[in-house]
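Please open the model in a viewer and follow the selections below in order.

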Amino acid sequence: MKPNGAQKMDLVAVASISAGHPFRGRIDPTEGVETAVVQMRDTSPSGVDWASCVRTEMAGRREPDWLHPGNILFPARGNVSQAVLVNESIGSLQAVAAPHFFLLRVSRPDVLPAYLAWWLNQEPAQRHLEQNAQSSTLVRNIARPVLEATPVLLPPLPRQEQIVGLANAMQREEDLLRRLRQTSQQMMTGLARDLLAG
């Protein structure tokens, strides 16, 4: 235990890790179906864009591993390994993760899912993944044992809540700045068009 009361352990000690839904072949949109599939392009640091997810038919006899608030999606491949928290915005939507995600579910009551997602995106965890990933020339792969062995520093719950609150405030600020930049850009484009029209 650290002086600040934090415990250090491997990720597998605080969360179960499974693969995304095993689709065979391409994930094609199906008209009139409500089941959503989260793919890499649907995620960002602020969460999942549910509206952009493909809606498709779920084949197979096995009951799909539906996503719930508090689940964490972690990409198994790609050059950006950012954990994404499934939050309350999922509502009553039935959704699954595409096969190139790992699905993490917190297994201890003293771990906030939002804190764990935040920790996985910080430098110590990212460095572990970077050093242990298998890289081809084009894309980086993270094997399940590598993810399971990711070191997690776990402070007491009140401290986790403080960190999550701060991270959320920073994310809101980031989103606001991005919207402001978009608005400014639109104003400049409009000004240029007005000048051109004379």
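Begin by selecting Trp119, which is buried, its relative accessible area being 10%. The model is a predicted one.

The rings of Trp118 and Trp119 form a tilted aromatic pair, with 6.4 Å from centre to centre and 55° between the planes. Trp118 counts as partly exposed, at 27% relative accessibility.

Next, select Tyr115. Tyr115 and Trp118 both belong to helix 1, where they are three residues apart, about one turn of the helix. At 2% relative accessibility, Tyr115 is buried, because the limit for that class is under 20%. Two aromatic pairs are found in a search of the whole structure. In the pair of Tyr115 and Trp118, the ring centres are 5.6 Å apart and the planes meet at 40°, so this pair is tilted. With the three side chains displayed, Tyr115, Trp118 and Trp119 can be seen as a cluster linked by ring pairs.

Now display helix 1 (residues 113-120) together with helix 4 (residues 157-197): the two pack at an angle of about 65°, and their axes are 9 Å apart. Helix 1 is therefore roughly perpendicular to helix 4. Their crossing is left-handed. To view the contact, select Ala114, Tyr115 and Trp118 on helix 1, and Gln160, Ile163, Val164 and Ala167 on helix 4. Of the residues in this contact, six are nonpolar, one is polar and none is charged.

Finally, move to Glu31, in the loop between strand 2 (15-19) and strand 3 (36-38). Is Glu31 buried or exposed? Glu31 is exposed, with a relative accessible area of 79%. Select Arg55 as well: its C-alpha atom is 7.8 Å from that of Glu31, and the two residues are 24 apart along the chain.

How values were computed:
Residues numbered from 1 in each chain as written. Predicted model: local features only at pLDDT ≥ 70, side-chain atom pairs only at ≥ 80, totals over all residues. Heavy atoms only, no water. Axes fitted to C-alpha atoms, helices over the stretch in contact; angles between N-to-C directions. Helix = DSSP H or I, 4+ residues; strand = E, 2+ residues; numbered from the N terminus. Parallel < 35°, antiparallel > 145°, perpendicular 65-115°, else oblique. Left-handed = near helix turned anticlockwise from the far one by under 90°. Contact = heavy atoms within 4.5 Å. Nonpolar A, V, L, I, M, F, W, Y, C, P; charged D, E, K, R; others polar. Buried < 20%, exposed > 50% of the residue type's maximum accessible area, 1.4 Å probe, protein only. Phe/Tyr/Trp six-rings, centres within 6.5 Å; stacked < 30°, edge-to-face > 60°.
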